[in-house]
Amino acid sequence: MRLPFQKRVATFEHGIHPEYHKETGNLPIRRFPFAPKLYVPLSQHIGKPAIAIVTVGQEVLRGEVIARADGMFSLPIHAPATGVVEAISPIPCDTGEMEMAIVIRVYEADGQEVRVRNPHNLDGLNGVELAIVMQEIGVAGKGGAVFPTHAKLIPPNGCVIDTLIVNGSECEPFLTCDHRIMVERAQQIMAGIGYAMRVCGAPRAIIGVEDNKLDAVAALEAALPADGTVTIKVVETKYPQGAAETLTHALLGREVPVGKRSSSIGVVMNNVMTLAYVGRLLPLGEGMTERVVTVAGPAVARPGNYIVPLGTPLRFLLDYVGAKSSASEVILGGPMMGNAIASLDIPVTKGVCGVLAFGKREVAVPHTYPCIHCGECVNACPKKLNPTQMGLLAAKREYDLMADKFFLSECFECGCCSYVCPSHIPLVQQFRVAKSFLKDRKNSA
Amino acid sequence: MGTVYSVLVTGVFMACLGSMLAFFLAIASKRLYVYEDPRIDLVEELLPHSNCGACGTAGCRNFAEKTVTGEIEPASCTVNTAEQNKHIAALLGVAMGNVEKRVARLACAGGHHVAKMRAHYGGLSSCRAASVAGGGGKSCSWGCLGLGDCADVCDFDAIVMDKQGLPVVDLAKCTACGDCVDICPKNLFSIQGVTKKLWMACRNEDEPDAAEATCEVACTACGRCVVDGAPGLIRLEKNLAVIDYEKNALAQRAAIERCPTGAIVWLDNECITKGKSAKKIIRTEPLPVIA
């Protein structure tokens with residue numbers, strides 16, 4: 001409850017206030033050692049998987065291209081370590097499917113210095129040319145959606161982008177990697193914003209930061225460019241403030257029409273870490289070989305933010321940070337939208353922003369009771385959908401009705417409905433089931 | 001006087017209006033009359049009214065229309081008893097037709113006593129929910145998750161889950177409606193004719209050693225069935241034996257006898273038998289979860 005004389009902070013309607021557990025937010029980012037073997041999947045982004053251009057037994061240098069992009073909606077993959085290609089074979093990935101990956105046995109004596117760079121002269125390039133150079137560094141959205149950044153920034157035909165929104169809200173509990181990036185790499189973020197604005201043609205950029213990260217706001221303010229094209233706006237600490245739709249609504253008051261992309265209302269959004277990596281790697285011509293990952297959770301002995309080489313298996317990562325024996329569930333991403341994984345052989349990829357380990361007590365599944373029609377979920381849904389009705393329909397497998405009459409496709413699975421449900425009905429899980437069923441049927445038809 | 005007058009006017013007006021509308025309705029019913037074969041209703045009466053769609057039509061009424069016009073044979077309804085279908089054929093004076101009975105077959109034999117688990121799934125009890133949440137924890141990414149979505153969705157109670165967490169199809173009850181095919185997140189069910197004798201009960205595309213390490217009854221692509229079967233009947237594809245059902249008539253039991261894991265099986269209606277060389281598994285309790 002906000003009192004009338006208090007200053008209103010920009011926000012969106014509905015949403016929830018979970019416990020944030022942002023203890024790792026004041027720990028500096030530290031570098032992580034190489035695992036003996038790195039497993040680099042060929043598909044670390046949305047779009048076509050990359051095509052491997054190395055052979056088994058070949059020696060690779062850190063930063064060398066080991067797989068090339070397959071078309072515009074794809075990204076190249078760079079060797080995360082100097083070593084020798086041991087195999088190109090399927091490994092388990094976070095969806096539970098097997099995916100092709102390049103296995104690199106790391107030369108232990110070599111350091112974490114990037115050996116291969118391919119710098120370009122960036123002055124005088126137009127937007128599309130800059131996007132093509134940007135594809136070479138292989139950066140995908142770091143918030144978890146892993147959309148190739150260069151493809152996201154190019155405005156679709158007929159769309160004029162007037163604002164670049166930089167997402168620094170990081171609303172998921174436990175995750176603090178974006179927070180630390182903003183504190184420690186404000187200069188790189190500003191450089192990245194500059195490149196992104198050149199590609200998308202936006203005359204201004206707004207950075208949205210939640211009001212629980214005021215040290216990040218101070219660091220960013222000190223690095224703001226003098227021309228005033230970039231502004232910072234503090235938004236309320238509320239989940240899911242960092243979703244594309246809600247942050248656009250909080251900062252600009254615009255809503256994306258049903259079934260359309262945010263570019264149709266003149267907005268393109270990027271995560272701060274994505275732009276920090278663009279700002280650092282693009283002038284150097286360096287490939288994406290590592291990323292900052294929050295490793296936290298009650299079952300981790302030494303939580304913190306680490307620069308983890310891509311392809312590091314989670315087993316090695318958790319051993320190194322001292323996973324307690326009580327750890328019973330590992331989640332990739334945040335606790336609200338992240339996915340529990342079924343194997344510790346899954347590697348860290350471009351889309352992994354957090355690795356959280358929980359004990360048995362935290363992940364215990366409560367007993368489900370019937371829906372009492374209290375409407376808590378309706379009040380929590382940031383997309384203003386009707387989770388009550390959709391949940392009842394999902395239980396009856398009326399998936400078509402959910403899609404046709406209740407806008408199932410608009411749900412972005414933030415999990416607010418499941419979080420607030422007093423009957424502990426697994427609503428968002430049922431919506432995922434419904435979406436998966438409809439998608440499978442569409443694919444098989 | 002005034003009251004009587006207004007009642008009279010109202011009565012006459014309503015009578016005129018009524019007879020006028022009746023006249024129009026009488027004309028409309030003559031002019032817009034559509035002839036419908038009375039046999040459609042009779043046939044529909046003899047159908048099971050389950051509207052399952054197994055025959056390939058949009059429902060029982062649609063099936064009745066098509067049988068009357070001769071587009072579809074009475075035997076195509078697999079839900080009805082043969083007796084009932086004979087009545088339909090006799091009513092219409094057409095041949096019963098010779099439609100092979102089809103049933104749902106599962107392409108996995110990895111119950112939890114033979115297939116390893118690498119994680120325990122404890123969320124919403126549905127195969128698809130498990131498969132969306134990190135794949136469900138089974139070591140084999142292709143295998144049956146055993147939470148019984150198919151048994152839930154079956155309108156005819158033809159599928160029950162056995163003690164090892166695998167669905168068992170009651171062939172007598174199965175109507176080949178295909179609901180289990182749609183619901184299975186791993187696409188393990190398919191509708192097959194009962195005359196098909198050879199069946200590949202595995203979908204694991206992994207390398208042979210890895211496949212056998214995850215599941216004791218996985219296909220290891222050893223190729224013995226390819227050699228023992230009729231030429232061209234079985235081939236290897238993606239580390240799996242693939243049966244060419246166009247050569248179904250050539251199928252001999254010899255093809256499965258040397259299978260070391262029992263991934264390829266011999267079907268004889270309800271009876272699913274493994275070859276003589278298949279490893280004998282006497283364990284019935286689940287394997288422990290290995291992370």
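Two strands count as paired if DSSP finds at least two bridges between them, and helices (H or I, at least four residues) and strands (E, at least two) are DSSP runs numbered from the N terminus. Everything shown here comes from a predicted model, where local features need pLDDT of at least 70, side-chain atom pairs count only at pLDDT 80 or more, and totals for chains, interfaces and linings use all residues. Residues are numbered from 1 along each chain as its sequence is written, while chains are lettered from A and ligands numbered from 1 in the order in which they are written.

**View 1. A six-stranded open sheet in chain A.**

**View 2. Strands β13 and β17 of chain A, side by side.** β13 (residues 290–296) and β17 (residues 354–359) of chain A run parallel and share three bridges. Look for Val295(A), whose bridge partner in β17(A) is Val355(A). Helix α8 (residues 314–321) of chain A lies across β13, β14 (304–309), β15 (327–332) and β17 of chain A, at about 65° to β17(A) (axes are lines fitted to C-alpha atoms, for helices over the stretch in contact, and angles run from 0 to 180 degrees between N-to-C directions).

**View 3. Val293(A) and the largest nonpolar core.** Such a core is a set of buried Ala, Val, Leu, Ile, Met, Phe, Trp, Tyr and Cys residues joined through C-beta atoms within 7 Å; buried means that 20 or more other C-beta atoms lie within 10 Å of a residue's own, with C-beta atoms placed from the backbone. The core has 206 residues, and Leu164(A), Ile193(A), Ala196(A), Val293(A) and Cys202(B) touch the most other members. Helix α4 (residues 186–200) of chain A gives the most to this core, with 10 residues. Beyond neighbours within four places in sequence, the contacts of Val293(A) include Cys177(A), Tyr306(A) and Val355(A) (contact: C-beta atoms, placed from the backbone, within 7 Å).

**View 4. Where chain A touches chain B.** Here 21 residues of chain A are in contact with 20 residues of chain B. On the chain A side, β16 and α13 (427–444) each give two or more residues, and α13(A) gives the most, with seven.

**View 5. A three-stranded open sheet in chain A.** The order is β3-β5-β6, with antiparallel pairing. Two bridges join β3(A) to β5 (residues 65–68) of chain A, and Ala52(A) stands opposite Ala67(A) in β5(A).

Terms used:
Two residues are in contact if their C-beta atoms, placed from the backbone, lie within 7 Å. A residue is buried if 20 or more other C-beta atoms lie within 10 Å of its own, exposed if 12 or fewer, and partly exposed in between; C-beta atoms are placed from the backbone.
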